[in-house]
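I list what I looked up, entry by entry.

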Amino acid sequence: MKADTKLVHAGRGGQLDHGIVNTPVYHASTILFDSVADMDASNRDKSVRRMTYGRRGTPTLWALQDAFAELHGAHGALPCPSGVAALTTAFLAFLRAGDHALIADNVYGPTRGLARGLLARLGVATTFYDPGAGAAIEALIRPETRVIFLETPGSITLEVPDVPAIAAVARARGVHTILDNTWATPLFCKPLALGVDVVVESGTKFIAGHSDTNVGLIAATEAAWPTLLQIHGDTGQTLGPDDAYAALRGLRSLGVRLKAHEAAGMTLATWFAARPETRRVLYPALPGDAGHALWRRDFTGASGLFSVILEPCSRAALATMIDGLAHFGLGYSYGGFESLILPSNPRPDRTAKTWDEPGQLVRVFAGLEDPSDLIADLDAGLARLAKARAAGL
Ligand SMILES: *Cc1c(COP(=O)(O)O)cnc(C)c1O
């Protein structure tokens, strides 16, 4: 089955669904057993999937898990109430006091916060590594290193790491790899096939796809599965049934939406690259991008989220551009139907290698509007910026 066909079928057809196309929303905490013998049997035999308690799984959650696992070619998948909860679960599953984790320097901000806060408090040391390290990451592995964490491409700066090279080193040294695949989704990148052990995604973004739901998903290999399942259960991770339903509904149209985001993103990124106000466009789908060759090798598409480094200007001048945009919302997140823009500065976060690119960085998400409207809007925005600069702002 091709990916678009899988998106339609994955996770559907549970026996309890009575032929309903979409797995219904099961609101459940208490599940009643027929008898003591029935309750005992459910505790004894875990090979049969059945409801025992709402938090432990319902058909709505199973439909989402099964679909995500199938799309990633994973042994199994688990739902969490947000992407950050999924990241936390994956870290806690494979790290304990005294361990060391290698975390890419270009990760999503809250991932860095998790390492510096919770993991440090639990006695886990972290080294942030240059995402361009490739196989040279081996030199950073210590006897107590248990996890290498990757994100591809990285948040805000969009560097593409050499995932197979890092995963191969990790596997040879008995170190677990966890990868944040939110930008690509299983449609555009399958990290387990590149040698990674655990994939984490914020389903909030492209999978739910409508800017209305927080969802986290974890997919894992058979070897990583038991530990992950245990910690997921022990920490009480689950997902509300309505949010699971929203994610499933979004998943069915992921293919067409991603293709539209990809086309619009390419149009906007190419337009920015030709503008004199632009110093650099950070988008691995562009042939001139430093990560382009690795992106072509490891991905099958780009999801319309990229960054632009504009010539240096004041924040006030940049604000005249952003505040006046009609079609780009100013907000966190991406992956919904609407275009977004966000000023950001990677400099204070980088520790492995300083980020010394001058200029103002803005992250752009190409939504499902007509790209010609988006370009007219950005064009007027750059004109406001030029006017503000000319006025000495
Ligand atoms: C948004 C995001 C997350 C966190 O997802 P939430 O659902 O908001 O918790 C994690 N990783 C990346 C790369 C993200 O963009």
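Which residues of α9 are buried? I found P241, A244, A247, L248, G250 and L251. Buried here means under 20% relative accessible area, exposed means over 50%, and partly exposed lies in between, with a 1.4 Å probe and protein chains only.

Basis of the entries. I am working from a predicted model, where local features need pLDDT of at least 70, side-chain atom pairs count only at pLDDT 80 or more, and totals for chains, interfaces and linings use all residues. Residues are numbered from 1 along each chain as its sequence is written, and side-chain values use heavy atoms, with hydrogens and water left out. Helices (H or I, at least four residues) and strands (E, at least two) are DSSP runs, numbered from the N terminus.

Helix α9, continued. I looked up what the buried residues of α9 pack against, and noted α1 (3-9), α3 (59-72) and α10 (254-273). Contact is counted for heavy atoms within 4.5 Å. I then checked the length of α9 (residues 241-252): its 12 residues should span 16 Å at 1.5 Å a residue, and the end C-alpha atoms are 17 Å apart, which agrees. The expected span is 1.5 Å times one less than the number of residues.

Helix α4. I ran the length check on α4 (residues 83-94), which has 12 residues and reaches 17 Å from its first C-alpha to its last, close to the 16 Å expected at 1.5 Å a residue. I noted α4 as mostly covered, with 10 of its 12 residues buried. Among the buried residues of α4 are G83, A85, L87, T89, F91 and F94.

Q237. I placed Q237 in the loop between α8 and α9. Is Q237 buried or exposed? Q237 counts as buried because its relative accessibility is 12%. Leaving out residues up to four places away in sequence, I listed R55, P79, C80, P81, A85, T89 and H232 as touching Q237.

T221. I located T221 in the loop between β7 (216-220) and α8 (225-234). T221 is buried, at a relative accessible area of 18%. Its contacts, again not counting residues up to four places away in sequence, are H75, R171, L192, V196 and D197.

Strand β7. How many of the residues of β7 are buried? I counted 5 of 5. In a regular strand the side chains alternate between the two faces of the sheet. In β7, G216, I218 and A220 lie on one side and L217 and A219 on the other, and all are buried. I then looked up the partners of β7, taking two strands to pair if DSSP finds at least two bridges between them. Strand β1 (residues 76-80) runs antiparallel to β7 and is joined to β7 by 5 bridges, with A77 opposite A219. Strand β6 (residues 198-202) is also antiparallel to β7, over 5 bridges, and E201 has L217 as its bridge partner.

Strand β4. I noted that 6 of the 7 residues of β4 (residues 145-151) are buried. β4 pairs in the parallel sense with β2 (residues 100-104) over 4 bridges, where I103 stands opposite F149. β4 also pairs in the parallel sense with β5 (residues 176-180), over 5 bridges, and L150 has L179 as its bridge partner.

The open sheet. I traced 5 strands in the order β8-β9-β12-β11-β10, with mixed pairing. The edge strands are β8 (278-282) and β10 (329-330), each of which pairs on one side only. β8 and β9 (residues 305-310) run antiparallel and are joined by 4 bridges, and V281 has V308 as its bridge partner.

The ligand. Which residues are closest to the ligand? Of the 14 residues around the ligand, the closest are G83, D180, T204, K205 and Y334; a residue counts as near when one of its heavy atoms lies within 4 Å. A polar side-chain atom of D180 is 2.6 Å from a ligand nitrogen atom. An N or O atom in the T204 side chain is 2.5 Å from a ligand oxygen atom. For K205, a polar side-chain atom is 2.7 Å from an oxygen atom of the ligand. Taken alone the ligand exposes 380 Å², and the protein buries 91% of that; the areas come from the Shrake-Rupley method with a 1.4 Å probe, and for residues only the protein chains shown count as cover.

Key. A polar contact is a pair of N or O atoms within 3.5 Å; within protein, one must be able to donate a hydrogen and the other to accept it, and residues adjacent in sequence count only if both atoms are side-chain atoms.
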